[in-house]
Every structure is written in structure tokens, then in C-alpha cells.
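Here is my note on the salt bridges. Please read it alongside the model.

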Amino acid sequence: MSAQNPPATPQQHTQSALASHPEWPKANPADVDTVEDIIRAFYATISTPAGGKLDQTRLRSLFVPGGRIAASVPPNSSRTADVRFLSPEEYAAISDSQTVTSGFFDSNPANQIERFGEMAHVYSTFESRTNLEDPKPIRRGIKSFELLKSANRWYIVGVYWNWERPDLPIPERYLHDSDH
């Protein structure tokens with residue numbers, strides 16, 4: 001490609017995700033004002049006490065239309081690592097079926113944030129508990145967020161995570177916020 005003929009932009013090939021879904025739920029501005037706000041809103045939205053249900057409208061409002069949640073499937077003795085792709089609605093349905101008898105609360109002790117233009121990448125360390133007051137998490141790991149800033153707000157394009165395990169401890173650098 002020469003300087004006179006730059007590569008085509010995605011909008012030239014297909015209609016953009018945001019413009020093609022004017023009925024998409026509007027987010028609470030406090031949920032999407034900053035990178036930190038949208039990460040905090042995601043964790044709050046996926047956390048619920050036993051018998052609770054996720055607010056699917058709020059969860060959808062954090063994502064671009066077509067945004068995905070990629071659930072990691074760790075390797076074990078009978079399979080290799082894999083991934084399961086979910087829409088926010090599919091994630092909520094699975095979560096709701098699992099929180100019938102026990103709660104689920106994710107907290108976020110640290111973020112590593114990198115920005116370039118209207119995109120941001122966040123490595124977000126998480127701790128999962130069945131009750132808010134549990135002193136020790138049942139699981140820890142890192143969520144990887146891909147974000148888009150458009151029309152003065154942030155959107156989640158995708159989120160993917162991996163859990164800590166004995167052969168994969170969380171590196172020290174991800175246990176503290178980045179200086180951004």
C-alpha cells in the first residue's frame with residue numbers, strides 16, 4: 001500500500017457495531033466515564049448474592065454490540081487449554097444458574113492499564129468469593145479487557161480471563177496498579 005492509498009478502514013467494509021445498533025441499552029454515565037469506571041462496573045455487575053440474578057441490561061450496556069466474554073478452559077491431564085466464547089446474555093444465564101445456592105463476588109485489587117488513542121487494554125487482577133466477607137478468595141486470576149472509547153464513553157469489546165493455579169501463580173507486577 002502506498003501513502004496515497006491507505007488501507008481501507010473497517011467502516012468501509014461493514015457497518016460499524018455502534019451505528020448498526022441504535023436500540024442498544026444506554027449505560028449509566030458513571031459506569032463508563034473512565035477506564036477505571038467501566039472495569040469497576042463490570043465487576044459490580046457480575047457479582048451477586050446467593051439467589052440473585054445479574055442485571056443483564058446493565059451488563060449489555062457495558063459492551064459494544066457483538067462484544068464477547070471469553071471464558072478460559074485451563075488445560076488438565078486429559079485436554080489442552082481452550083476457550084469458550086459467550087455473549088453477555090449467555091454469561092448472565094450461566095451465572096444465574098450457578099448462583100442459585102451460593103453467591104459470587106469478584107473484586108479487583110489491581111489494574112495494569114495501557115492506552116493508545118481510543119483503545120485501552122487492561123490486565124485486571126481479580127479475586128472471587130462466595131460471600132463478600134470471606135477473608136480468603138476461592139479463586140484468583142487475571143482478566144484481560146479490550147476497551148473502546150467512543151462518544152465520550154468507554155465500551156468493552158472483549159474480556160478474557162485465566163485463573164491462577166499452582167503451576168501458574170500471578171506475577172508480582174500484576175498485584176499492584178500500574179502508573180498510567
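**Salt bridges, point by point**

1. Start with Arg58. This residue is partly exposed, at 27% relative accessible area (buried means under 20%, exposed over 50%, partly exposed in between, with a 1.4 Å probe and protein chains only). Its partner is Asp31, in a salt bridge whose closest N and O atoms are 2.9 Å apart. Asp31 counts as buried, at 8% relative accessibility.

2. A word on the source. This is a predicted model, in which local features need pLDDT of at least 70, side-chain atom pairs count only at pLDDT 80 or more, and totals for chains, interfaces and linings use all residues. Residues are numbered from 1 along each chain as its sequence is written, and side-chain values use heavy atoms, leaving out hydrogens and water.

3. How many salt bridges does a search of the whole structure find? It finds 8. The term means a side-chain nitrogen of Lys or Arg within 4 Å of a carboxyl oxygen of Asp or Glu.

4. Next, Glu36 and Arg115. Their closest N and O atoms are 3.7 Å apart in a salt bridge. The pair links distant parts of the chain, 79 residues apart: Glu36 sits in helix H3 (residues 35-46), Arg115 in strand E3 (residues 105-116). Helices (H or I, at least four residues) and strands (E, at least two) are DSSP runs, numbered from the N terminus. Glu36 is partly exposed at 26%, and Arg115 is partly exposed at 46%.

5. Last, Arg140 and Glu164. They form a salt bridge, with closest N and O atoms 2.8 Å apart. Arg140 lies in strand E5 (residues 139-150) and Glu164 in the segment after strand E6 (153-163), so the pair ties together parts 24 residues apart in sequence. Arg140 is partly exposed at 25%.
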